[in-house]
Amino acid sequence: MATAIAQPVERENYLNKHYGVGSWLLTTDHKRIALLYLASITFFFFIGGFFALLIRLELLTPAGDLVQADTYNKLFTMHGQVMIFFFLIPSIPAVLGNFLVPMMIGAKDLAFPKINLLSWYIYAIAGILMLHCMLTGGVDTGWTFYTPFSTAFSNTKVIEAGLAIFISGFSSILTGLNFIVTIHRMRAPGMTWSRLPLFIWAHYATSIIQILGTPVVAITLVLVVAERALHLGIFDPKLGGDPLLFQHLFWFYSHPAVYIMILPSMGVVTEIIACFSRKRIFGYSFVALSSIAIAVFGFLVWAHHMFVAGISVYAALVFSILSYAVAVPSAVKVFNWTATLYKGSIRYDAPMLYAFGFLGLFTMGGLTGLFLSALGINVHVTDTYFVIAHFHYIMVGGALMGYLGGMHFWWPKITGRLYPEGWARLAALIVFVGFNLTFFPQFILGYLGMPRRYYDYSHMPEFQVLNVLSTAGATVLGVGYLLPMMYFLWSMRYGKPAPDNPWRAAGLEWQTPSPPPTFNFETEPVVTWEAYNYDEIDKGHKEVPQVVG
Amino acid sequence: MAVSSSSHEDVHNPALLHHFATEEQQRDASNLGMWIFLGTEVMFFGGLFCAYLIYRLLYFPDFAAASRTIDAALGGTNTAVLICSSLTVVLAIWGAQTARRGVMIGCLILTMVFGLAFLGIKGVEYKQKFDEHHVPGPSFNFENVPVPGHPDQMANPRHAQIFFSLYFIMTGLHALHMIVGLGIFTWLLWAAWKGRFTPEYHTPLEVGGLYWHFVDIVWIYLFPLLYLIDRH
Amino acid sequence: MAGNVDALFIFLLIVSGLMTLLIFVAVVYFAARYRHQPGIPAEQIEGSTPLELTWSIIPLGVFMVIFAWGAVVYFKGRTPPRDSTEVYVVAKQWMWKLEHAEGQREINELHVPVGRDVKLIMTSQDVIHSFFVPAFRMKQDVLPGRYTVAWFRAIKPGTYHLFCAEYCGTQHSGMIGSIVVMEPAQYEAWMSGGTTGPLSASGEKIFSELGCQTCHRSDTQGRGPNLQGVFGKPVLLEDGRTVTADENYVRESILDPGAKIVKGFKPVMPTFQGLVSEEQLNALVAYVKSLSQSGQNGGETAKPATVVPSQGPANRPSKGK
Amino acid sequence: MSDHSKSSPLVTYFAVWAALLVGTFLTYEAAKLDLGKFNAAVALTIATTKALLVALFFMHLRQASEKLLKLVVISTIFFLFILLALSMADYGTRYFPNSHLWS
């Protein structure tokens, strides 16, 4: 899609330096790779969204009438797998992170450009395998692959889906590895740790999880595939194995994986809030450290997905209390963002509207997490729509809002074009309203007891009203997601050319042309200022932070 | 695994790559990258060690019985072989550092010979297990094998099968790493032969060496855990 | 149960409602009050460590209260009262098979008396299921290969939904049923309907059909331990460990006799893996359990049990392994 | 990492190599002794010593002037420990009081 971009400005930049398919497929430029990722994850986002739409349509009526039970099971399975492994996990890191991490720290590229390209190819191979799996029958285990259903009972393409996700994991690992090395080794002179934008801190924390968590789920999927192919017994109780071991290993990654999705989004929102309230972030070091704390504590809480699974009650106590420990840094972040607004000079541009949306939805998602970590309540609401609503508030309301906010914020930098502001504000509003209409009723559904992954609720017609509301919301939400897609595409050709720093923002990435030249900076930056020095910009002491040649 | 080989490609040009400011920066980045990759590898094996630990504690007697049927002498020999190969790796780097081309190339070749020997011995072991029907699957047979210390108590074949599953997956994954390592070292040998490495620049050797040593360390743990559960 | 959970839920609703309100009001107020106005620059504030500590420690304190409360509710929900009525549950794709200790069998329907504690001893024949009764705020996964236990006490007559809450395949959403809570009198009437006798009696029959009594004799001469009065008691094992003879232990002893051998006995018992169905296993467990109940409850002394405390190796009662 | 020009003395390499071989031999022999529960402890202690020798001397972790590499190693081991320890928190107490993974 990016090859279609018209040459926006006369200056040579990363988009117009080379032309042709080959110049994209063999590029090692982190900005071009980011666009490769953008195209591919957008593709998967709409596939996953299409599945979601079918799920919601099926649930419009209590009876199972739109699709067959098996089809429905495949729909929610592949919705989850596609959205999590092929959209959310790569979304912000591989697109915005890839584009911005080197620029924000004043580097010419990531430390290992070829590995960066390799990670996209690995992602592409995994994606093709996943597509092949979906087109030739799909998989119906739920995205969680619980054994022994996945290893001994499902007769769908578990092995193929497992391998696809296994492979995609390496793409994620390589991205994380590249970020950590880049952040450690490639910072521009003067870019000390305490001057790093909080976006970088968030990506650093994300990378830790990608590096240390992903391999565990990878090997677990290998075991599932081996178990399914050879009946080894590792997870099969009939052969002496313990199915809960699978759950432990799976959630060891898959709980922290939530933080892979939300942490980068927090980073994006931090940048946006600072820029549009023209302020230093309140409590910089606390926000930075809370990212690391979330990454570390995120590894200690996984079994809160298993409170009714048959684990030891004593272990459940430990995991419950640790789950509250991870809630504290999240709360700290929310308070700091709110405090940043205090005495700011706040503008309501589209990115800021998404950031506000993020704040509200993440707060609600986070607070409902407190319900789920409370052992006594967890028993009732786990595996119901309450959980569905909770994690959509975090992963869609939080992560996706942040992603969209970030796309709007940096779109002028990425493409050199401005998107239509009015449409963008409208889209932000539609997404916010549609989202709440879709998912808020699901909290109530869950507490009333509607289990997740139910295809047919004809014996419980009392659930219909809330389901209808939810489906109506999903339709609105769908429109809200299509809009940005359309005006972004439109703006690539017809949008007004963007100035280098349309938001008068403070980050290093804004001190270079839009779109940036291939090696990001025309002269090598030397950093002499703190992050978020909006006072200096606004008081006119410096029009923009000075870049020393 | 592809990672490590391509991390070498990044630096295969002795000239400084465009996006690094100094050679020092480039070398430090490669080094750090490899160490972090090894962290990933630790967690990769870590999932297996976790499964192993839990089943070993749950089914200790069966694991002990199954472990006894593997040839510990071969396993011990393989440990020694790998240790020797680690030595030749450091000697090869020393050769590069001190401009002793013969030492460098000779030691690289020796490392690969040791690596191949390891895989050969591993193959002999696998062959034995195959002949004894100890390979998990339809032909698996572990009937009437007594539990160590209790001659009248037979090990549970299902639990023994879990042991052998873990044995084959863990050693198999390790062997896969050895094969990747041999690939890396073939390339290093080629590059060394071409005279790419100098006392000033031999980062690929160091990074490849880190990988090789890590594979050695994994085996250092696998050997007692799999072969020596209960041998008295 | 429902009351406890709801109380905590309401508490959480209030706490999180206040928190949400606080954030929302602050955000909306700041956004309006400090909107961009020409000539009024933002005021730069670095941050405040006391403030950071305040809003870390206070939430942490609140969280600990929630944790403790949640843990208490959870513990109550996980610990069946001693004298509960027992129901054996076997889940399979895609139905619930329930068997009362008294012998009544039901499918997808469970009749229980109001006000009585009901303990569910559950296992699955195939994949993981989850026994979920929203009205009782009670849920427990049902696993293949072992027992999980749950309990509830219904306080109002009526019919309540029973759901499978763990995804289990094609007809997952069809694996539903109902809990029928009846007045005691009605329940007695229902119970007196056709039954083949108590579950333990079927268990006794299976016990003798499989020839278990040749070794597990009711004296000290058997090749296997005497099972009288074993259930619920600690058992000394050959390797020096001690276990309590609970449902899972009896189950394991039948299916994997070599795993935990009672002190003083030889590992001579063959496995019954694949030879007994889940229902037969339940019956056997109920039977072994019944051998202890006579002495325990001080009721009718059915058998002159040779209940010996856990030291005596020779006549250690337990499933011989 | 900074002083690569100064190569480690060969003596160290050969000494470490010899120590590793001795360690392997010791592990093998110790396994034949009946030490009860301590067999595993002895085996793992020797293995860890060997792993440390390889990491510190062959992988030059000891000389690494930067603390960063040590931090990478330590944090990896920490997370591995978390995986094992918290899993065991479940398995160790799941059938309590019938749990005897530790005895």
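Chain C of this predicted model splits into two domains: domain 1 covers residues 87–191 and domain 2 covers 199–297. Their C-alpha centres sit 26 Å apart.

- Where the two domains meet, ten residues of domain 1 of chain C are in contact with eight residues of domain 2 of chain C.
- On the domain 1 side, the elements giving two or more residues are strand E1 (85–92) and strand E5 (117–124) of chain C.
- Sort that domain 1 side by class and you get five nonpolar, three polar and two charged residues.

**Where chain C meets chain A**

- Here 69 residues of chain C are in contact with 73 residues of chain A.
- On the chain C side, at least two residues each come from helix H1 (2–33), helix H2 (49–78), strand E6 (129–133), strand E7 (138–142) and strand E9 (158–164) of chain C.
- H2(C) gives the most to that side, with 16 residues.
- By class, the chain C side has 39 nonpolar, 20 polar and ten charged residues.

- Which residues is Val89(C) in contact with, leaving aside its neighbours within four places in sequence? They are Trp96(C), Leu98(C), Leu120(C), Ile121(C), Met122(C), Phe131(C) and Val142(C).

**Helix H2 of chain B**

- H2(B) runs over residues 23–58, and at 1.5 Å a residue its 36 residues should span 52 Å; the end C-alpha atoms are 52 Å apart, so the two agree.
- There's still a kink of about 25° in H2(B), centred on Gly46(B).
- H2(B) is largely enclosed by the rest of the structure, because 30 of its 36 residues are buried.

**Helix H13 of chain A**

- Helix H13 (residues 385–415) of chain A has a kink of about 45° at Phe409(A), shortly before the proline Pro412(A).
- Is H13(A) largely enclosed by the rest of the structure, or is it left open? It is largely enclosed, because 31 of its 31 residues are buried.

**A loop proline in chain A**

- Pro189(A) sits in the loop between helix H6 (158–185) and helix H7 (198–230) of chain A.
- With 13 other C-beta atoms within 10 Å, Pro189(A) is partly exposed; to count as buried, a residue needs 20 or more.
- Beyond its neighbours within four places in sequence, Pro189(A) is in contact with Val526(A) and Val527(A).
- Pro189(A) and Leu249(A) are 60 residues apart along the chain, and their C-alpha atoms are separated by 42 Å.

- For background, most residues other than glycine have a negative phi, and most peptide bonds are trans.
- Ser514(A) and Pro515(A) are joined by a cis peptide bond, with omega about -15°. Pro515(A) is in the loop between helix H15 (464–494) and helix H16 (534–538) of chain A.
- In chain C, the peptide bond from Gln93(C) to Trp94(C) is cis too, with omega near -5°. Trp94(C) belongs to the loop between E1 and strand E2 (95–100) of chain C.
- Arg453(A) isn't a glycine, yet it has a positive phi of about 60°. You'll find Arg453(A) in the loop between helix H14 (421–448) and H15 of chain A.
- Is Arg453(A) buried or exposed? It has 21 C-beta neighbours inside 10 Å, so it counts as buried.
- His133(B) is another residue that has a positive phi of about 60° without being a glycine. It lies in the loop between helix H5 (101–131) and strand E1 (146–147) of chain B.
- His133(B) is partly exposed, with 13 other C-beta atoms within 10 Å.

Key: Residues are numbered from 1 along each chain as its sequence is written. Chains are lettered from A and ligands numbered from 1 in the order in which they are written. This is a predicted model: local features need pLDDT of at least 70, side-chain atom pairs count only at pLDDT 80 or more; totals for chains, interfaces and linings use all residues. Domain bounds come from an automatic or database domain assignment. Two residues are in contact if their C-beta atoms, placed from the backbone, lie within 7 Å. Helices (H or I, at least four residues) and strands (E, at least two) are DSSP runs, numbered from the N terminus. Ala, Val, Leu, Ile, Met, Phe, Trp, Tyr, Cys and Pro count as nonpolar, Asp, Glu, Lys and Arg as charged, and the others, Gly among them, as polar. The expected span of a helix is 1.5 Å times one less than its number of residues. The bend at a residue is the angle between axes fitted to the seven residues ending there and the seven starting there. A residue is buried if 20 or more other C-beta atoms lie within 10 Å of its own, exposed if 12 or fewer, and partly exposed in between; C-beta atoms are placed from the backbone.
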